[in-house]
Amino acid sequence: MANSQLEIVFPYANTLQRIMNLIPKDSSRWLIIRRDGMFIESLTYDRTVLTSIQVFSVSFERYEVDREHEFTFSLDTDPIIPNVPYKVKMIFSEDALTMSIENNENDYLNVIKVKGKMSNEGKPWIELFTDKLANAVIAKYVNYRELHKVLKDKPRYDTVRFTLESGKLEVTVEGETKQLEHETNVSSEVSGKYSVGDVMQVLSTLWKSGGKFINLGITSNDGILVIEYDFNRDVYAPVRYLIAPTVE
C-alpha cells in the first residue's frame, strides 16, 4: 500500500502522547485503524502485560477512514509530540506514520515521522488474553493509589495474591495482608497470584494520569488480572490492562 488518504486530527497535539503514556514501558506497540475508531494495543516484551486502549472516532476533530483503509501499524518508537495546544494531523503510509502539527490558521508548524511498518500478521497472544474475559469477576472503584502504596516497597520479583470478595480486596505479599474497599457486590470470590513488578508497572503508569480509581477483576478459570481505567482528558479513551498470573 502506498500513501493512503487517511486523515485523523486530534483535538490537541499532545493528546496522542498522553494516550501513549498510558502504556507500560518496554512494550511493543500497535495502532489499529478502523472505521469506528483507533485502537492502541501493546504487549510487554516478556508477554505478561497486555494493554488495550480504545479511542472512538467521535473523540477526534476529524476522522476520515473508509473500509478500504483499515489496517494495523506497528510502531518501532513512541511518537514524541511537543506539549503545545495545536492540533495534530496524522497521515499513514506503508512505512511511516507522518504527523503534522498545525496552528489555528491551519499553517503547519512541523512534521514528525515515526518509524514503523504496516502489519497484517495475526496476534494470537491477544486472543489468548481477551477470549478469557467473559468469566471475569469485576469490582468497581478500587483506589489504585492506595494499592500502589501497599506494593511500592516490595521486591519486584516477589508475588502478590489478590483475593476479591464483595466489598473488599485482600492484598497479600510477603505474608502480610492488607484490605482495600470497593463498591461492588461481586458474584463470587476469586483469587490469583501475580508478579509485583508486573502490577507495579501498570500502577506506576497510571499514577501519572491524574486519576484515582480503577475497576479490578480476576477471570474465574484462568486467573488473569484485569485492570480497567477510564482516561477522560481531551478524548475519552477506555484502557484495559490484562496481567498474566504467575506460574506455580
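Let me start with a definition: a residue is buried when its relative accessible area is under 20%, exposed when that area is over 50%, and partly exposed in between, using a 1.4 Å probe and protein chains only. Valine 58, at 76% relative accessibility, therefore counts as exposed.

Hello everyone, and a word on what you are looking at. This is a predicted model, in which local features need pLDDT of at least 70 and side-chain atom pairs count only at pLDDT 80 or more, while totals for chains, interfaces and linings use all residues. Residues are numbered from 1 along each chain as its sequence is written, and side-chain values use heavy atoms, with hydrogens and water left out.

Now the overall picture. The protein chain has four helices and 17 strands; these are DSSP runs numbered from the N terminus, with helices being H or I of at least four residues and strands E of at least two. Of its 248 residues, 54% count as buried.

Back to valine 58, which sits in the loop between β4 (49-56) and β5 (62-64). Together with Phe56 and Tyr236, Val58 makes a nonpolar surface patch of about 300 Å². Such patches take residues with over 30% relative accessible area and no salt bridge, joining nonpolar side chains (Val, Leu, Ile, Met, Phe, Trp, Tyr) within 5 Å and like charges within 9 Å. The areas come from the Shrake-Rupley method with a 1.4 Å probe, and for residues only the protein chains shown count as cover.

Is threonine 184 buried or exposed? At 16% relative accessibility, threonine 184 counts as buried. Its place is the loop between β13 (176-181) and β14 (190-195). Beyond its neighbours within four places in sequence, threonine 184 has contacts (heavy atoms within 4.5 Å) with Ile138, Ala139, Lys140, Ser166 and Gly167.

Finally, salt bridges: a side-chain nitrogen of Lys or Arg within 4 Å of a carboxyl oxygen of Asp or Glu. The whole structure has six of them. One joins lysine 154 to glutamate 174, at 3.7 Å from N to O. Lysine 154 is in the loop between α3 (144-151) and β11 (159-165) and glutamate 174 in the loop between β12 (168-173) and β13, so this pair ties together parts 20 residues apart in sequence. Lysine 154 also forms a salt bridge with glutamate 176, again with the closest N and O atoms 3.7 Å apart. Glutamate 176 lies in strand β13, so that pair ties together parts 22 residues apart in sequence. Through shared partners, salt bridges join Lys154, Glu174, Glu176 and Lys178 into one network.
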